Amino acid sequence: MTSPRATASIAADRAAGALFRVLLVGTVIFLLLPIVVSVFLSFDDREYLGAFPPKNFSLRWYRGFLDNPAYLDGLKNSIKLALVATLVSTAAGSTAAFVLSEARWRGRGFIEMLFLSPKFVPTVVIGFSILGFAAAINVFDPFTRLVMGHIVITIPFTVRATLASLVGMRRSLTEAAISLGAPPWRAFLDVTLPLARTGVIAGALMAFALSFDEVAVSLFLSDAFTQTLPIALVAEMRANLNLTVAAVSTVFAAVTILVVVLLDRLTGLDTVIGQGLYR
Amino acid sequence: MPTTTLRWALLAPGLAIIAALLVAPIGFMVVQSFHPFVAGRVGSGSGWTLTNYAELIGPAYAFYFYDTFRIGFIVSALAVALGAPLAWTAARTRRRPLRVALLGLLIGLLFMSLVAKLYAIQMTWGSTGPLAFFGTLIGIPARSAQYAEVQVMIGLLHFVLPVAALILIGTFQNINPRLEEAAASLGAERARVALDVTIPLALPGLVSAFMIAFAMCISNFVVPLVLGRGVVLFTTNLMYTRLTEIANYPSGAAIGIVMLVLAGAIVCTMTLIASRLTPGARP
């Protein structure tokens with residue numbers, strides 16, 4: 001026997017559950033739909049930007065990308081820039097992280113904060129300040145300026161990723177090696193370094209991805225002759241909407257899916273996020 | 001254990017980078033922001049002035065700050081409201097494939113190029129896109145100027161929602177599910193459990209997710225640049241146009257310093273609020 005009040009509360013409970021599910025599914029659709037639409041449009045055979053969905057499919061926009069020297073130049077610059085910036089910030093960032101992972105010493109907290117601080121500075125401020133500063137010290141080469149900007153925005157990520165892998169590592173392992181007679185440098189090379197490898201690689205990957213996609217810093221520091229791919233794409237999107245960008249977006253999306261699947265296979269997405277206290 | 005000398009030697013390259021590429025340029029910018037602007041001259045004039053800051057208080061500029069904050073506030077609130085159900089489901093579901101799919105979606109969106117995402121949004125919500133009818137639905141047709149603001153909000157939401165949701169997954173995972181179960185077994189409906197148990201316990205996480213989303217929104221540059229169609233300009237865009245259109249470095253520098261101070265204030269407030277709200281943190 002259920003009283004009318006209980007029936008009403010069950011109905012309210014059902015309604016709340018349904019609302020929750022609608023919100024959840026709606027959010028997932030909101031996040032996914034644009035990407036699906038642009039993947040479809042990238043295979044559109046029409047020469048102009050028409051209504052969705054396209055009727056005939058072709059690879060013309062992919063060919064269009066390969067035929068456009070501005071994009072290819074941008075791609076070349078972006079890869080070169082991301083490689084140089086990643087190399088420098090990984091080398092400097094992970095060596096610093098090794099020291100920062102050491103037990104407490106005076107000033108440790110302050111120096112760690114210093115290394116992570118570029119993350120909290122708006123990227124426009126970084127681009128703007130380096131542009132003025134580079135001119136003041138007579139650096140006018142756009143590629144040098146871009147490298148300067150990209151190193152500073154990527155270094156917090158390499159420091160943090162290496163630090164995370166070292167903090168999780170048991171210090172006793174290094175100490176065991178030393179107590180067994182290994183000189184400290186030997187213990188570092190044979191024990192600490194291999195264990196920190198995933199952190200260093202993860203940091204380098206993040207740095208590369210960040211640098212490759214950066215717009216704000218690059219827009220301030222590049223010039224008309226040295227463009228990066230994202231800058232060329234943004235310029236194209238602002239001038240005329242053309243489906244070449246859809247083709248590039250599709251390639252980006254494919255690479256992203258690949259990275260996520262790889263990440264899941266290598267470490268498991270659960271490990272990346274962490275399982276929390278109660279699982 | 002490395003000696004002090006070795007320690008500093010290992011820190012030196014990184015510290016040199018921070019000093020040369022962050023501290024020195026920002027210091028330079030601070031100095032420049034107090035120099036007067038001389039029209040037609042690259043760089044700044046000599047002498048000291050507060051004009052660059054004073055003009056920001058005027059209504060013309062204050063409006064940019066107001067717009068940036070207003071849009072950032074709405075988007076961050078939406079990001080937390082929509083991110084929470086997603087995060088709660090990923091944290092609590094017993095179906096592993098669902099959890100992995102949601103995590104994969106969020107991490108994938110985080111990794112995916114922002115330029116590519118903005119383009120996709122323009123294709124989908126723009127005037128030729130399949131969702132353009134949404135504008136007509138809310139009384140702002142896709143071809144109107146105000147629709148640019150709607151698109152900027154959609155773009156920013158797409159950018160910050162995965163971040164907010166990932167922060168909230170951590171929050172929900174660290175709330176003991178037994179507490180929710182206890183409330184339910186005592187007869188509380190699901191909405192009651194959410195309002196009286198889950199949300200109060202998750203408050204520090206909800207606040208920090210909001211603050212991080214807010215900081216990301218107001219310092220964003222690309223979204224209004226691409227989707228704003230010149231109608232919606234954030235303070236970041238203002239800084240850029242000060243430089244490219246009238247080569248006024250001192251004025252741009254002043255805007256940058258104000259943004260930097262605001263970003264710092266947000267980080268401090270966030271730490272303060274989060275520590276206040278953490279259950280058990282107060283005696």
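Helices are DSSP runs of H or I with at least four residues, strands are DSSP runs of E with at least two, and both are numbered from the N terminus.

The structure is a predicted model, in which local features need a pLDDT of at least 70 and side-chain atom pairs count only at pLDDT 80 or more, while totals for chains, interfaces and linings use all residues. Residues are numbered from 1 along each chain as its sequence is written, and chains are lettered from A and ligands numbered from 1 in the order in which they are written.

**Exercise 1. Describe the confidence and the make-up of chain B.**

Step 1. Begin with pLDDT, the predictor's confidence in each residue on a scale from 0 to 100; chain B averages 85, and 95% of the residues score at least 70. For the model, the scores are ipTM 0.85 and pTM 0.86.

Step 2. Along its principal axes, the C-alpha trace of chain B spans about 75 × 65 × 35 Å.

Step 3. A residue is buried if 20 or more other C-beta atoms, placed from the backbone, lie within 10 Å of its own, exposed if 12 or fewer do, and partly exposed in between. By this rule, 43% of the 283 residues in chain B are buried.

Step 4. Two residues are in contact if their C-beta atoms, placed from the backbone, lie within 7 Å. Among the contacts in chain B with a separation of 6 or more, 69% join residues 24 or more positions apart.

**Exercise 2. Describe chain A and the side of it that touches chain B.**

Step 1. Chain A has twelve helices and zero strands, and 40% of its 279 residues count as buried.

Step 2. Of the contacts in chain A with a separation of 6 or more, residues 24 or more positions apart account for 73%.

Step 3. Turning to the contact between the chains, 77 residues come from chain A and 70 residues from chain B. On the side of chain A that touches chain B, the largest share, 17 residues, comes from helix α1 (residues 4–42) of chain A.

Step 4. Sort the residues of this side by type, where Ala, Val, Leu, Ile, Met, Phe, Trp, Tyr, Cys and Pro count as nonpolar, Asp, Glu, Lys and Arg as charged, and the others, Gly among them, as polar. The side of chain A that touches chain B then divides into 57 nonpolar, 15 polar and five charged residues.

**Exercise 3. Work out how α3(B) lies against α9(B) and against α4(B).**

Step 1. Axes are lines fitted to C-alpha atoms, for helices over the stretch in contact, and angles run from 0 to 180 degrees between N-to-C directions. The axes of helix α3 (residues 59–92) of chain B and helix α9 (residues 190–218) of chain B come within 8 Å and cross at roughly 140°.

Step 2. Angles under 35 degrees count as roughly parallel, over 145 as roughly antiparallel, 65 to 115 as roughly perpendicular and the rest as oblique, so α3(B) and α9(B) are oblique to each other.

Step 3. The residues of α3(B) that meet α9(B) include B:Phe69, B:Ile71 and B:Gly72, and among their partners in α9(B) are B:Leu206 and B:Phe210. This contact divides into 14 nonpolar, four polar and no charged residues.

Step 4. Helix α4 (residues 96–111) of chain B packs with α3(B) at an angle of about 135°, their axes being 8 Å apart, and the two are therefore oblique to each other.

Step 5. In this second contact, B:Leu86, B:Thr89 and B:Ala90 in α3(B) meet B:Arg99, B:Leu102 and B:Leu103 in α4(B), which gives four nonpolar, one polar and one charged residue.
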